[in-house]
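Visitor: I have a model to go through and would like to take it piece by piece. Can you walk me through it?

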Amino acid sequence: MKFVRNSRYYLHPHTLGKLHELTYFLLGRSHTRQSFQGIFEDVLSKEERLMIAKRIAVLYLLMKEFDYVTICDVIKVSPGTVAKYSILLEKSGSIVPLLKELLRKEETRMFIEQLFVDLFPPGMP
């Protein structure tokens with residue numbers, strides 16, 4: 001696996017801000033999963049996409065209260081990575097609300113599925 005490398009050259013904060021605006025503009029314009037995935041694949045290498053997916057998965061599993069060992073084993077990350085994102089989870093004000101919304105929707109869907117199983121057990125027409 002290749003590691004992501006950044007240039008050692010300094011980037012002025014104003015310039016970095018403009019780059020973030022451009023990134024947001026492009027990703028924000030993708031209104032479908034297909035267009036988002038296309039931009040994602042055009043801009044990021046396979047390793048970069050994997051790195052981002054693993055980071056989000058670690059955060060998600062931490063929010064679902066999985067233990068560190070399980071997360072390390074399943075996602076194939078180090079305990080240090082899990083610890084880092086556990087701290088980020090406490091401080092983040094942007095990705096945490098999105099993940100909480102996702103968890104609420106998942107819990108709602110699971111509740112409804114269980115309700116239908118309870119109301120219409122297997123074998124009932």
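**Charged pairs, core and surface**

Guide: We can start with K105, which counts as exposed because its relative accessibility is 53%. Keep in mind that the model is predicted.

Visitor: What does K105 form a salt bridge with?

Guide: The partner of K105 is E101, and the closest N and O atoms are 3.3 Å apart. K105 and E101 both belong to helix α6, 4 residues apart, about one turn of the helix.

Visitor: And E101, what is its relative accessible area?

Guide: E101 has a relative accessible area of 35%, so it is partly exposed.

Visitor: How many salt bridges does the structure hold?

Guide: The structure holds 4 salt bridges. One of them is between K64 and E106, with the closest N and O atoms 2.3 Å apart. K64 sits in the loop between α3 and α4 while E106 is in helix α6, so this pair ties together parts that are 42 residues apart in sequence.

Visitor: Is E106 buried or exposed?

Guide: E106 is buried, at a relative accessible area of 15%. The cut-off for buried is under 20%.

Visitor: And K64, how does it count at 31% relative accessibility?

Guide: K64 counts as partly exposed.

Visitor: What else does E106 touch, leaving out residues up to four places away in sequence?

Guide: Y60 and K64 are the residues that E106 touches on that basis. With Y60 there is also a polar contact between the side chains, at 2.3 Å.

Visitor: Back to α6. Which side chains meet in a salt bridge at 3.5 Å, N to O?

Guide: Those of E113 and R109. E113 and R109 both lie in helix α6 and are 4 residues apart, about one turn of the helix. E113 is partly exposed at 45% relative accessibility, and R109 is partly exposed with a relative accessible area of 47%.

Visitor: Change of topic: the core. Which members of the largest nonpolar core touch the most other members?

Guide: V58, L62, I71 and V82 do, out of the 16 residues in the largest nonpolar core. The elements giving two or more residues to this core are α3 (46–63), α4 (68–75), α5 (79–91) and α6 (95–119).

Visitor: Which element gives the largest share?

Guide: α3 does, with 6 residues.

Visitor: Take L62. What is L62 in contact with, leaving aside neighbours within four places in sequence?

Guide: L62 is in contact with Y68, I71, V82, Y85, S86 and L89. Of the residues named for touching the most other members, I71 and V82 turn up in that set.

Visitor: What about nonpolar residues on the surface, which ones form a patch?

Guide: F111, I112, L115, F116, L119 and F120 form a nonpolar patch on the surface, with about 600 Å² of accessible area together.

Visitor: Where does F120 lie?

Guide: F120 lies in the segment after α6. With a relative accessible area of 46%, F120 is partly exposed.

Visitor: Now the loops. Where is S92?

Guide: S92 is placed in the loop between α5 and α6. At 18% relative accessibility, S92 counts as buried.

Visitor: What does the side chain of S92 reach?

Guide: It reaches the backbone nitrogen of S94 at 3.3 Å. The backbone nitrogen of I95 likewise lies 3.3 Å from a polar atom of the S92 side chain.

Technical notes: Residues numbered from 1 in each chain as written. Predicted model: local features only at pLDDT ≥ 70, side-chain atom pairs only at ≥ 80, totals over all residues. Heavy atoms only, no water. Core = buried A, V, L, I, M, F, W, Y, C linked by side-chain atoms within 4.5 Å. Buried < 20%, exposed > 50% of the residue type's maximum accessible area, 1.4 Å probe, protein only. Contact = heavy atoms within 4.5 Å. Polar contact = N/O pair within 3.5 Å; in protein donor to acceptor, adjacent residues only side chain to side chain. Patch = residues over 30% accessible without salt bridge, like charges linked within 9 Å, V, L, I, M, F, W, Y side chains within 5 Å. Areas by Shrake-Rupley, 256 points an atom, 1.4 Å probe, with all protein chains shown as cover.
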